[in-house]
Amino acid sequence: MLEFNQNGIYCPKADVYIDPWKPVERALITHAHADHSRWGHQHYLAHHHSVPIIQHRLGNEINIEGIEYGEVRKIKGVSFSFHPAGHIIGSAQIRVEYKGEIWVVSGDYKLEDDGFSAPFESVPCHTFITECTFGLPVFKWKSPKLVFDEINDWWRKNQAEGKATILTGYSLGKGQRLLQGIDHSIGEVYTHGAIENTNQVIREMGIELKPSIYVDPDDKKKDYAGSLIIAPPSALGTSWQKKFRPFEVGIASGWMAMRGPRRRRAVDRGFVLSDHCDWEELNTAIKECGCERVITTHGYTSIFTQWLQEQGYDATIENTDFEGELGEVGEGSSD
Amino acid sequence: MKDFVHLFTQLDQTTKTLKKVAALKQYFDEAEEKDKVWTIALLSHRRPKRSIRTNQLREWAAEAAGIPLWIFEDTYHVVGDLAETMSLVVSESSITDKSEIRDQKSEISLSSQDSRTRTRPLSSVEGSDSNPSKGLSYWIKYVKSIKELEDDEKKQKILDAWDQLDQTERFVFNKLITGGWRMGVSQKLMTRALAQHAGLDENQLAHRLMGDWDPETISFHKLVVEDHPEDRLSQPYPFYLAYPIEDEVEELGDPSDWLIERKWDGIRGQIIQREDQLYVWSRGEELLTEKFPEFEVFTDLLPKGTVLDGEITAFENDQPLPFNKLQTRIGRKTLSKKILENAPVALIAYDLLEFEGKDLRKSPMAERRSLLEKLIKDIDHPSLQLSESLEFKSWGEYRKVREASRAHHAEGLMLKRKDSEYKVGRKKGDWWKWKVDPLTIDAVMIYAMRGHGRRANLYTDYTFAVWKGDELVPFTKAYSGLTDAEIRKVDAFVKKNTVDRFGPVRSVKPELVFEIAFEGIERSSRHKSGISLRFPRMNRWRHDKSASEANTIDDLHGLLELYG
């Protein structure tokens with residue numbers, strides 16, 4: 001029902017693509033991250049929370065339509081519907097049904113309720129298309145509450161030493177999750193422009209975010225000692241950072257579970273916080289949707305696929321241009 | 001172990017020297033005496049010997065995690081660190097899940113125990129790890145005690161330990177068992193912190209920590225605080241190390257102010273004769289006396305209270321032999337007559353650190369040198385050679401001499417200021433090494449493997465080939481020389497251009513060309529290509545060359561003829 005071609009994940013019956021990486025006529029978009037919602041399509045369909053964010057990234061002139069979770073859209077006899085994926089705001093799994101056969105394209109997802117994105121809902125299907133960014137048994141997330149305790153403790157310690165605290169994560173998703181999760185009673189919270197712009201788009205949708213102050217690059221006199229600054233990973237090592245001196249830097253990403261990438265980034269702290277599934281979550285999601293067939297798209301595909309085959313699934317790999325969370329440690333090709 | 005793990009975490013979280021020293025000092029201020037001694041031991045390369053085969057550990061970790069061994073192995077290749085992989089896979093996903101894992105583990109151990117009664121986990125007997133009595137030394141003793149046990153008892157001990165410890169503690173514990181222990185802090189920094197803690201002079205302390213002492217039996221006081229030279233007969237001096245020269249040699253002033261010798265390619269070592277006992281130490285503080293029976297004669301020939309610094313090399317007919325001659329005997333447990341005849345050794349001495357029981361390190365180089373010359377002349381034994389001083393008028397002449405180093409199996413020149421003291425560790429200013437330019441060859445990358453440590457999860461370890469007709473013949477591996485940004489590009493190339501996978505190794509499209517630099521080239525029967533390189537590394541990425549323009553096996557053989 002779905003096939004992988006040079007443009008993306010294609011449904012020939014309906015003549016639409018899901019998360020295509022080359023420009024196409026009609027694109028159904030799981031979520032607003034750059035590797036899933038790319039430039040150049042004639043028509044976009046995405047969850048209505050993704051719409052303003054995609055417009056913010058690709059321009060208001062694109063032809064984009066919003067859809068609710070659970071709403072069914074028939075295209076040439078094929079039924080498409082969007083269901084919460086729990087990855088970031090507006091993220092969706094796309095369910096495709098034709099003559100009783102059901103496929104689900106999960107995009108990026110996590111099972112953990114982050115209190116901000118609509119929580120993941122398992123969608124029964126025959127074929128489940130999944131990422132496996134963290135599809136190795138070394139990835140086991142701690143409860144986010146514990147991670148935020150660590151972050152808050154670190155911030156307090158830096159504050160006591162008269163330092164600013166810089167914490168990085170993606171502009172869309174992690175940035176807001178950090179903003180919502182940290183303890184605002186400790187001190188003032190600033191955001192890098194890239195994150196503040198996304199915050200603005202989200203607030204304009206009528207969604208409430210905790211307060212954040214934009215870091216004005218022209219304000220040279222500001223004293224950031226004791227404050228927390230949330231920034232995208234790409235801001236690290238640039239001159240933007242200098243005005244916060246003295247400061248400590250931390251990265252919040254699933255990759256921080258491994259000592260190698262943590263040391264490679266040479267930051268002061270790494271916090272293990274991901275918007276993707278860990279090993280257990282991936283296995284749980286696959287089990288719960290009741291599928292027989294699994295297609296893996298990005299991440300540790302060869303290892304994870306072999307593991308699924310041993311668990312009795314008809315599992316195969318399809319190569320895509322999706323990236324997972326690599327940009328958060330500066331190792332994705334598009335970051 | 002909490003305080004030691006806390007120390008480890010702090011050292012691991014920072015790249016700043018000051019912070020590391022501060023963390024170490026604080027640890028020394030607060031830790032128990034016994035733990036301090038073990039910390040000093042671990043940070044000066046004196047680890048406990050490996051007590052378990054890593055194959056067994058891998059199996060037990062996979063079993064405890066409920067995963068097949070193959071996925072454990074594949075995961076290990078991604079993580080790039082065995083201790084870390086084991087600590088993560090058996091990890092609890094949250095505190096509440098811990099009981100589940102416990103249950104799972106006890107099932108496994110029950111089923112594997114047959115008629116034996118399961119020993120109760122230590123945690124239930126001795127309380128949790130917050131118990132301060134379970135410090136570093138407790139866990140080292142634990143690790144050492146495992147060595148003599150039967151396999152199933154070993155396994156039980158390991159599972160019990162994993163069960164009691166949290167993830168970082170497990171990682172540290174696993175590092176203690178597997179032995180591969182680098183904490184991102186040099187012996188020098190540890191010594192500095194310890195000197196601050198004990199209120200001692202850093203150089204003096206560095207000397208005290210040298211040589212042969214057993215962390216099991218020595219007290220902190222005896223090791224660090226007391227100073228009884230008579231107990232330290234075997235103790236070498238900290239080696240003085242040179243930096244590579246940064247500027248043009250002309251800036252060093254008049255060549256006649258410098259003692260200039262060849263930079264020999266062997267094992268840097270000290271030969272000590274004190275109270276008619278002989279000790280041979282390597283720079284890595286390994287006691288090598290037994291490895292070099294040729295030196296036994298010096299017990300009688302050298303006067304009491306003599307310490308020589310020099311290069312141990314294979315040596316025959318008045319000249320040193322290539323390094324790989326020496327290599328044929330380094331790793332051997334027993335040295336047969338044949339090996340000794342095939343690769344006889346000598347010390348090419350270049351410094352005299354102690355004479356007639358007196359520490360000469362503060363005397364000027366020239367003075368130490370003339371004493372050394374006289375001593376060697378008096379002794380007149382083929383196993384003790386003098387590193388010849390090269391005397392020319394101009395730096396230009398030295399340049400030419402340096403270029404011809406390979407013909408003498410030397411790596412270049414050493415420049416030592418004639419009035420220099422013998423310092424402690426690597427210091428700039430008075431001693432410089434001036435190495436010969438490396439040999440180079442342009443080669444095609446054909447295989448890649450993921451790296452370890454901070455290069456984990458990136459393809460950083462490559463195999464290179466040269467052309468033999470239409471065929472690419474692998475001849476060397478190289479891991480270093482690229483910047484982090486270049487590594488990321490090559491990593492992306494590998495992932496996109498994989499042709500085949502053999503376990504952790506990927507063969508890639510033969511497209512990228514690198515200039516491989518190396519210090520020497522030798523014929524080798526152990527290598528498929530028939531050659532072996534000394535210190536191969538990537539000098540630069542030849543973006544300007546296509547694979548077809550890489551060098552050939554004939555080019556390599558040409559270098560072998562010239563320099564082998």
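This briefing covers the chain contact, helix packing, salt bridges and backbone features of one structure.

The model is predicted: local features need pLDDT of at least 70, side-chain atom pairs count only at pLDDT 80 or more, and totals for chains, interfaces and linings use all residues. Residues are numbered from 1 along each chain as its sequence is written, chains are lettered from A and ligands numbered from 1 in the order in which they are written, and side-chain values use heavy atoms, with hydrogens and water left out.

**Contact between chains A and B**

- Chain B brings 33 residues to the contact and chain A brings 30 residues. Contact means heavy atoms within 4.5 Å.
- The two chains bury about 2900 Å² between them, with 54% of it on carbon and sulfur atoms. Buried area is the accessible area (1.4 Å probe) that two parts lose on being put together, summed over both.
- On the chain B side, B:Gln13, B:Trp70 and B:Arg454 lose the most area to chain A. Together they account for 20% of what that side buries.
- Five salt bridges are counted between chain B and chain A. A salt bridge is a side-chain nitrogen of Lys or Arg within 4 Å of a carboxyl oxygen of Asp or Glu.
- A:Asp268 and B:Lys16 pair through their side chains in a salt bridge, at 3.3 Å from N to O.

**Salt bridges elsewhere**

- Over all chains, a search of the whole structure finds 57 salt bridges.
- A:Asp149 and A:Lys145 form a salt bridge at 3.1 Å, N to O. Both lie in helix α2 (residues 144-160) of chain A, four residues apart, about one turn of the helix.

**Helix packing**

- Helices (H or I, at least four residues) and strands (E, at least two) are DSSP runs, numbered from the N terminus.
- Axes are lines fitted to C-alpha atoms, for helices over the stretch in contact, and angles run from 0 to 180 degrees between N-to-C directions.
- In chain B, the axes of α4 (residues 54-65) and α6 (residues 82-89) come within 9 Å and cross at roughly 20°. That angle makes α4(B) roughly parallel to α6(B). Angles under 35 degrees count as roughly parallel, over 145 as roughly antiparallel, 65 to 115 as roughly perpendicular and the rest as oblique.
- B:Thr54, B:Leu57, B:Arg58, B:Ala61 and B:Ala65 of α4(B) meet B:Leu82, B:Met86 and B:Val89 of α6(B). By class, the residues of this contact are six nonpolar, one polar and one charged. Ala, Val, Leu, Ile, Met, Phe, Trp, Tyr, Cys and Pro count as nonpolar, Asp, Glu, Lys and Arg as charged, and the others, Gly among them, as polar.
- In chain A, the axes of α6 (residues 279-288) and α7 (residues 301-310) come within 13 Å and cross at roughly 45°. That makes α6(A) oblique to α7(A).
- A:Trp279, A:Leu282, A:Asn283 and A:Ile286 of α6(A) contact A:Phe304, A:Trp307 and A:Leu308 of α7(A). These residues divide into six nonpolar, one polar and no charged.
- Also in chain B, α3 (residues 33-42) and α9 (residues 136-146) pack at about 65°, with their axes 8 Å apart. Their contact has four nonpolar, two polar and three charged residues.

**Backbone features**

- Most residues other than glycine have a negative phi, and most peptide bonds are trans.
- A:Asp19 has a positive phi, near 45°. A:Asp19 sits in the loop between β3 (16-18) and β4 (26-28) of chain A.
- A:Arg245 and A:Pro246 are joined by a cis peptide bond, with omega about -5°. A:Pro246 lies in the loop between β15 (228-231) and β16 (247-252) of chain A.
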